[in-house]
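I opened the model to look up a few things. My notes follow, entry by entry.

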Amino acid sequence: MQRRIFIKNASLASGLLLISPLMADCSPRNEEFPVMDLHVHTTNDFTIENILEIGKREHIRFGVLDHPADWAIKDDADLKSYIDRLRPYPVYIGLQPMSPGWTKRFSPELISKVDYVLMDPQTIPNGNRYGETLHIWEFDTYIDDPEDFMERYMAHIMEVLNNNEPMHIFGWPLFLPVCIARDYYALWTENRMQQIITAAKKKNVAIEINDLAHTPHEKFILMSKEQGLKFTFGSDTRNQKAGRLAYCKSIAKKCNLKPEDFFIPQRTIKGGIS
Ligand SMILES: [Zn+2]
């Protein structure tokens with residue numbers, strides 16, 4: 001349950017530190033590119049019905065995620081009931097693993113039944129010189145040395161991108177822990193960004209534009225686009241904020257993204273958004 005609780009802190013922190021001036025276009029309809037939010041979660045208080053209500057009202061297609069973990073989807077039986085529970089609804093069904101090696105929990109046949117896998121690099125084993133596993137969305141993430149952290153973070157990102165497990169979307173790209181977030185533009189050197197883009201391209205994964213974190217920034221999106229990568233919008237919400245996507249829409253407009261620049265899961269879904 002930790003992640004579900006701490007995410008509240010992360011959203012609070014993001015709000016404090018990364019308030020963006022790019023809020024001009026908040027209109028729900030956008031004819032220039034398909035507006036989908038492929039990163040929402042359900043909770044006991046925010047159900048699939050609530051998500052569909054927003055989808056209908058705002059004309060947005062949603063993709064629902066849950067985590068392979070002991071406290072969420074722990075085995076084939078859980079995965080099957082997760083898929084069966086969502087299948088009747090007009091939403092994409094995804095998984096959000098947090099650590100490499102996650103496929104060991106499930107049979108490949110069952111994994112192939114989900115529409116997509118979004119993986120992020122936010123859980124970093126041995127993430128600082130104290131040997132701690134960092135959950136970098138947590139407000140109190142401890143970084144002793146920013147450059148040393150960046151080396152460990154980059155190594156972890158490469159491990160996430162360079163493995164053979166299924167993955168379609170790279171989530172939370174370039175997000176930094178709160179204590180070093182103010183140094184974002186200095187820490188994300190061109191060289192580091194290029195390493196990520198090269199690995200993402202090799203694995204053929206799309207880049208999530210994350211509405212909660214306001215990452216990645218314009219330059220990274222333009223570099224990725226130039227090299228043929230696709231994008232998705234993700235709010236990482238589990239409440240009424242689902243589908244707002246103000247940052248996603250405004251940065252996509254600024255970067256002149258077109259329908260063909262977006263990754264859309266293969267399954268055809270009808271209804272639910274009008
Ligand atoms: Zn998530």
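What arrangement do the four donor atoms make around the zinc ion? I kept in mind that this is a predicted model.

**Entry 1, the metal site.** I looked up the donors first. The zinc ion is held by His 39 (NE2), His 41 (NE2), Gln 96 (OE1) and Asp 236 (OD), at 2.1 to 2.7 Å. I then checked the angles. The four donor atoms subtend 82 to 177° around the zinc ion, so the arrangement is irregular. Along the chain, the donors of the zinc ion are spaced H-x1-H-x54-Q-x139-D. His 39 sits in strand β1 (residues 36-40), and Gln 96 sits in the loop between β3 (92-95) and α4 (108-111), so this pair ties together parts 57 residues apart in sequence.

I turned to the helices. Helix α5 (residues 146-161) packs on α7 at about 10°, with the axes 10 Å apart. That angle makes α5 roughly parallel to α7. From α5 I noted Glu 147, Met 150, Met 154, Ile 157, Met 158 and Leu 161; they meet Arg 192, Gln 195, Ile 196, Ala 199, Ala 200 and Lys 203 in α7. By class, the residues of this contact are eight nonpolar, one polar and three charged.

Helix α7 (residues 190-203) and helix α8 (residues 218-226) have axes that come within 10 Å and cross at roughly 45°. I therefore logged α7 as oblique to α8. The crossing of α7 past α8 is right-handed. On the α7 side I found Glu 190, Met 193, Gln 194, Ile 196 and Ile 197 in the contact, and on the α8 side Lys 219, Phe 220, Met 223 and Ser 224. The residues of this contact are five nonpolar, two polar and two charged.

How values were computed:
Residues are numbered from 1 along each chain as its sequence is written. This is a predicted model: local features need pLDDT of at least 70, side-chain atom pairs count only at pLDDT 80 or more; totals for chains, interfaces and linings use all residues. Side-chain values use heavy atoms; hydrogens and water are left out. Axes are lines fitted to C-alpha atoms, for helices over the stretch in contact, and angles run from 0 to 180 degrees between N-to-C directions. Helices (H or I, at least four residues) and strands (E, at least two) are DSSP runs, numbered from the N terminus. Angles under 35 degrees count as roughly parallel, over 145 as roughly antiparallel, 65 to 115 as roughly perpendicular and the rest as oblique. A crossing is left-handed if the near helix is turned anticlockwise from the far one by less than a right angle, and right-handed if clockwise. Contact means heavy atoms within 4.5 Å. Ala, Val, Leu, Ile, Met, Phe, Trp, Tyr, Cys and Pro count as nonpolar, Asp, Glu, Lys and Arg as charged, and the others, Gly among them, as polar. Donors are N, O and S atoms within 2.8 Å of the metal (3.2 Å for Na, K and Ca); water is not among the atoms, so sites may look incomplete. Four donors count as tetrahedral if all angles lie between 85 and 135 degrees; four count as square planar and six as octahedral if opposite donors are over 155 degrees apart and all others between 65 and 115; anything else is irregular.
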